[in-house]
Amino acid sequence: PPRAVHEALAKALVVSRGVVWVEMQRQLTTVVTAAPTATFKLEQVLTLLEQLESFGRMGTAFSGEAGAVLRASLRAKSGAFYGAFHRERLDELRVRLEAELWQKVPLSHDALREALHGGAGEPGPAGG
């Protein structure tokens, strides 16, 4: 009878939720790894991470186990994206700074200290 099959499947699923969750993470990790996040905008990466975090919470609720496989994948993918993002911003900054016209301004150490500390003299041990 279909009801008996359904009950047997439900019992088997309860017992093997952890295995199902690990396999779900592996499958999703394959998709995440293949995603061309290098071409994504920051907002798209943030949306992807938010959705995957949500999926991870659902999987944890389903299985009672943390999503270690998915988390490791997210950490690696976001680390690669943010590393590249940071390098690109530094390159942009370098190009902008190189294009600026710089002039030397004669300034004594006392005048510089005055400008930085507002006449307070040397900063104290607490930094201020």
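Predicted model: local features only at pLDDT ≥ 70, side-chain atom pairs only at ≥ 80, totals over all residues.

Trainee: Okay. How many cavities of 30 Å³ or more are there?

Mentor: The count is 1 cavity. The largest cavity holds about 50 Å³ of space.

Trainee: And which residues line the largest cavity?

Mentor: The lining is made of Val32, Thr37, Val45, Leu48, Leu49, Leu52, Leu74, Lys77, Ser78 and Phe81. Sorted by class, that lining has 7 nonpolar, 2 polar and 1 charged residues.

Trainee: Which helices each supply at least two residues of that lining?

Mentor: Helix H3, residues 42-63, and helix H4, residues 68-99.

Trainee: Switching to pockets. What volume does the largest pocket have?

Mentor: About 160 Å³. Around the largest pocket you'll find Thr37, Ala38, Phe40, Lys41, Leu42, Lys77, Ala80, Phe81, Ala84, Phe85, Glu88 and Arg89.

Trainee: Which helix gives the most to that pocket lining?

Mentor: H4 does, with 7 residues. By class, the pocket lining splits into 7 nonpolar, 1 polar and 4 charged residues.

Trainee: Now the packing. At what angle do H3 and H4 pack?

Mentor: At about 170°, and their axes are 11 Å apart. Angles over 145 degrees count as roughly antiparallel, so H3 and H4 are roughly antiparallel to each other.

Trainee: Which residues make the contact?

Mentor: From H3 you have Leu42, Val45, Leu46, Leu49, Leu52, Glu53, Phe55 and Gly56. H4 brings Leu70, Arg71, Leu74, Ser78, Phe81, Tyr82 and Phe85. The class tally for this contact is 11 nonpolar, 2 polar and 2 charged residues.

Trainee: Last topic, Gln25. Which helix is Gln25 found in?

Mentor: Helix H2, which covers residues 17-34.

Trainee: Is Gln25 buried or exposed?

Mentor: Buried: the relative accessible area of Gln25 is 1%, and the cut-off for buried is under 20%.

Trainee: What is Gln25 in contact with, leaving aside neighbours within four places in sequence?

Mentor: Gln25 is in contact with Ala66, Gly67, Ala68, Val69 and Leu70.

Terms used: Residues numbered from 1 in each chain as written. Heavy atoms only, no water. 1 Å grid on protein atoms, 1.4 Å probe; cavity = no way out; pocket = protein on both sides within 12 Å on 5 of 7 lines; lining within 4 Å. Points joined across faces, edges and corners; volume = space filled by probe spheres on them. Helix = DSSP H or I, 4+ residues; strand = E, 2+ residues; numbered from the N terminus. Nonpolar A, V, L, I, M, F, W, Y, C, P; charged D, E, K, R; others polar. Axes fitted to C-alpha atoms, helices over the stretch in contact; angles between N-to-C directions. Parallel < 35°, antiparallel > 145°, perpendicular 65-115°, else oblique. Contact = heavy atoms within 4.5 Å. Buried < 20%, exposed > 50% of the residue type's maximum accessible area, 1.4 Å probe, protein only.
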